[in-house]
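Here are a few notes on the model, jotted down as numbered points. Have it open while you read.

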Amino acid sequence: MFSFDDYRVMMELIASSRRYMSYPEAMGQQEYIVMRHDVEFSLPSALRLAQVEHEFGIGSTYLFQLRNPAYNLLARQNLEQVEAIRQLGHTIGLHFYYEGPEDAALIGQELNAQAALLKSLIHQDIPVFSFHRPTKGMLQCDLRESGLINTYDPHLFTYTDDLSTLDTQCVKYIADSRHRWDYGMFTGQTLRDYARVQLLFHPFSWSEEGSGYDRCKEMVMLEKSAEFSRVYDTEMSGR
């Protein structure tokens, strides 16, 4: 699992479903499939996944962090990759990192500030955001005044402390977080059982050959090492 060929099988299901739509389109709909990518570590892997989706005419939603020690979104080469993803027909949004009191007003202020900064960087409106590792309290905050669609909005995400209580009337949430399928895998049966489906795939988990957790980590570390080496050599050469 986790190879691009495995991913293409899922994209074929999505493309043939006639239910796939963007997050803004899904709001208010009773049948939909929406898909997002929280970009945690690697912009090159996000671009590669965006290219695979483009093969199927699928425009997904890529959410980037502004407060992330793994990458600097303000760097020119990273903004170029974000623009390349956008040019493939994908939507750019905010993967919102927040650490502070679970106060809706304070969270809303920080959300608006980060969304405004991201908009200024890519010169496009930011329609969607997702929380990075949200607490229960954060998920329960009403942030509709921000004007951004929250991927954890009750219409798009069914929150529960007990997964066994979920039935087919709920939103089916499928994610590959931590390189696992804790909520089940996405198959044709998913589409037959659930009218509303939200998919979350992390780009660094997917590769041409398909890799386990340790190999994915190794590939990200190699990518970062090569990136630092280029920066160091450029600085030391005086160019």
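1. Where is H132 found? H132 sits in the loop between strand 4 (128-131) and helix 6 (136-139); helices (H or I, at least four residues) and strands (E, at least two) are DSSP runs, numbered from the N terminus. A word on the basis: this is a predicted model, where local features need pLDDT of at least 70, side-chain atom pairs count only at pLDDT 80 or more, and totals for chains, interfaces and linings use all residues. Residues are numbered from 1 along each chain as its sequence is written, and side-chain values use heavy atoms, with hydrogens and water left out.

2. H132 has a relative accessible area of 15%, so it is buried (under 20% relative accessible area, 1.4 Å probe, protein chains only). Leaving aside residues up to four places away in sequence, H132 touches E40, Q65, H95, F96 and Y97 (heavy atoms within 4.5 Å).

3. Now the helix pairs. Helix 1 (residues 4-17) packs against helix 3 (residues 43-54) at an angle of about 45°, axes 10 Å apart. On the helix 1 side, F4, Y7, R8 and M11 meet R48, L49, V52 and E53 of helix 3. Those contact residues split into five nonpolar, no polar and three charged (Ala, Val, Leu, Ile, Met, Phe, Trp, Tyr, Cys and Pro count as nonpolar, Asp, Glu, Lys and Arg as charged, the others, Gly among them, as polar).

4. Helix 3 also packs with helix 4 (residues 76-87), at about 15° with axes 9 Å apart. Helix 3 is therefore roughly parallel to helix 4 (under 35 degrees).

Conventions
Axes fitted to C-alpha atoms, helices over the stretch in contact; angles between N-to-C directions. Buried < 20%, exposed > 50% of the residue type's maximum accessible area, 1.4 Å probe, protein only. Parallel < 35°, antiparallel > 145°, perpendicular 65-115°, else oblique.
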